[in-house]
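I opened this model to look up its helices and its surface. My notes follow.

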Amino acid sequence: MGRGRAKAKQTKVARELKYHSPNTDLAALQRELGGGRKSDHVVDDDYKEFVDDDDEDHDADDDPGNWVPTR
């Protein structure tokens, strides 16, 4: 026993979140999720060969038809 108080509190919190949402800064959310710009991330010269600079994510290795399990 004793679960009634905990469940009542969870129900209260869930109801508050459902019906009384906090003010959301939509402009900040749009900036965060936008991602339209290129990243200004700088990569060391030692790792330049591993960086994929193009926007395409197509590699021959990614094609599921070319994949063969090893035994």
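I checked the length of helix H1 (residues 3-19) first. Its 17 residues should span 24 Å at 1.5 Å a residue, and its end C-alpha atoms are 24 Å apart, so the two agree. The expected span is 1.5 Å times one less than the number of residues. Helices here are DSSP runs (H or I, at least four residues; strands are E, at least two), numbered from the N terminus.

This is a predicted model: local features need pLDDT of at least 70, side-chain atom pairs pLDDT 80 or more, while totals for chains, interfaces and linings use all residues. Residues are numbered from 1 along each chain, and side-chain values use heavy atoms, without hydrogens and water.

I counted two helices and zero strands.

Next I looked up burial. Buried residues make up 0% of the protein's 71 residues. Buried means under 20% relative accessible area, exposed over 50%, partly exposed in between (1.4 Å probe, protein chains only).

Last, I looked at Leu-29. Leu-29 lies in helix H2 (residues 26-34). Leu-29 counts as partly exposed because its relative accessibility is 36%.
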